[in-house]
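Here's a quick tour of how this chain is put together. Have a look at the model first, then read on.

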Amino acid sequence: MADSIGLYIHVPFCAKKCLYCDFTSYAGVLDKQYVYKDAIIKEMGMRANIIGNKHISTLFIGGGTPSIVDTTVINAIIDEVYKNFHVDQNAEVTIEINPGTVSVKNLTDYKSIGINRLSIGLQAWQDELLKAIGRIHTSAEFVNSYNEAREVGFDNINVDLMFGLPQQTIGQWIRTLQAVVSLGPEHISCYDLQIEEGTPMHKMVVGGDIKPLDENTDRLMYKTATALLRSEGYERYEVSNFAKPGFRCRHNLNYWHNGPYVGLGCAAHSHLDHIRWANVSGLQSYIDTILDDNIPIAFEEYIDRDTEMFETMMLGLRTSEGVDKKLFEERFGIRLYQRYGHVIDKLSAMGLMHNDESAVKVSDKGVDVLNSVLVEFLP
Ligand code: SF4
């Protein structure tokens, strides 16, 4: 049987840039959505030689805000995927949506074209916090979109949240978690806000207009989320991701297993057969390159065995399952303990890691200092 891969399709359009956003996304250029769709479909043809002999087990339409583009665009892209590639019958097919940009009509369209998982970007429950970080929606609009999704029959929904926002209090964060939990989504992601250089929010920090949240409150928010969500039946199966049993995101698990994936669209990344590459990130340069019949590649590198082993550890240790010893040995032809025994012993003695019969995992204590744990595995 052919290998399975995850397929990611990037839709880089947004209604307005959020103040903290450093993703490849563009506001005010929605008129380019149709030519972009044509470019994506053309890229599928260019990539047929590498995707054509694989099984697609997960498809993720991410952004940007895929839900602001015309449903016919999403429809056409998914249609082409099914026409050109082998998509597993039970494939997980996710689309990212933002509150206020969907309706019963387009949610129904998504469902009828095979999308079976929604990821909704809420971020915070308090409208004043949403406004302060540049989001365009309110929590009431989120509830409305969420209820419409349920009405249409979506039974696998993720809600994206962020903590560590400037001015955010522990009380506001707990209220956000409680309000979301009360709706009962199958999956909740809790990301720690990173204020990246080049974003408007970074300039506001440098200019003294806002103050980043202090480290202690930020850590307390993370611990609060873990405890609260666990008590409500959500497993923390990855550092930032919580799911009810049976609802882990298969697409992202493939990334954390250092599995093969292909990304289409501007700025999309791929990793397949020991090669990693990235597409050109500019929207117009991506479109122009494709329309000129060139492959829109910006960067490509060969991943040597040592690097691949390290990356497998680095990604796998983010998950609660850890790195499976048998799979590691099958993949690299060397026992995990033989390669990393000295590090595992050291970290286990410090209480940062568990070394079970079948896997090595980071302990709860280790998660608190995850970067220092991962650095130990560097080649
Ligand atoms: S909606 Fe997402 S991708 Fe778009 S600007 Fe905001 S953070 Fe960036």
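A polar contact here is a pair of N or O atoms within 3.5 Å; within protein, one of the two must be able to donate a hydrogen and the other to accept it, and residues adjacent in sequence count only if both atoms are side-chain atoms. With that in hand, there are three residue pairs in polar contact between domain 1 and domain 2, both residues being at pLDDT 80 or more.

Some ground rules before going further. This is a predicted model, where local features need pLDDT of at least 70 and side-chain atom pairs count only at pLDDT 80 or more, while totals for chains, interfaces and linings use all residues. Residues are numbered from 1 along each chain as its sequence is written, and side-chain values use heavy atoms, with hydrogens and water left out.

**The two domains**

The chain splits into domain 1 (4-256) and domain 2 (322-375), with bounds that come from an automatic or database domain assignment. Their centres, taken over C-alpha atoms, sit 30 Å apart. Five residues of domain 1 touch four residues of domain 2, where contact means heavy atoms within 4.5 Å.

How much area do domain 1 and domain 2 bury between them? About 400 Å², with 48% of it on carbon and sulfur atoms. Buried area is the accessible area (1.4 Å probe) that two parts lose on being put together, summed over both. On the domain 1 side, K223, R236 and V239 lose the most area to domain 2, together making up 63% of what that side buries.

Three salt bridges also run between domain 1 and domain 2; the term means a side-chain nitrogen of Lys or Arg within 4 Å of a carboxyl oxygen of Asp or Glu. Helix α9 (residues 215-231) supplies the largest share of the domain 1 side that touches domain 2, namely three residues. Helices (H or I, at least four residues) and strands (E, at least two) are DSSP runs, numbered from the N terminus.

The structure as a whole holds 23 salt bridges. Here are two of them:

| Salt bridge | N to O distance |
|---|---|
| D368 and K223 | 3.3 Å |
| E80 and K83 | 3.2 Å |

E80 and K83 are three residues apart in helix α3, which means about one helical turn separates them.

**Strands**

Two strands pair if DSSP finds at least two bridges between them. Strand β9 (residues 235-238) and strand β10 (residues 241-243) run antiparallel and are joined by three bridges. A hairpin of two residues links β9 to β10, and E235 stands opposite A243 in β10.

Elsewhere, three strands make an open sheet in the order β15-β17-β16, with antiparallel pairing. β15 (323-324) and β16 (353-355) stand at the edges with a single partner strand each, so one side of each has no neighbour in the sheet. Two bridges hold β15 and strand β17 (residues 359-362) in their antiparallel pairing, and D324 has A359 in β17 as its bridge partner.

Most residues other than glycine have a negative phi, and most peptide bonds are trans. Two spots are worth a look against that background. The peptide bond from G63 to G64 is cis, with omega near 15 degrees, and G64 lies in the loop between β4 (55-63) and α3 (71-84). A267 is not a glycine, yet has a positive phi of about 65 degrees; A267 lies in the loop between β11 (261-264) and β12 (269-272).
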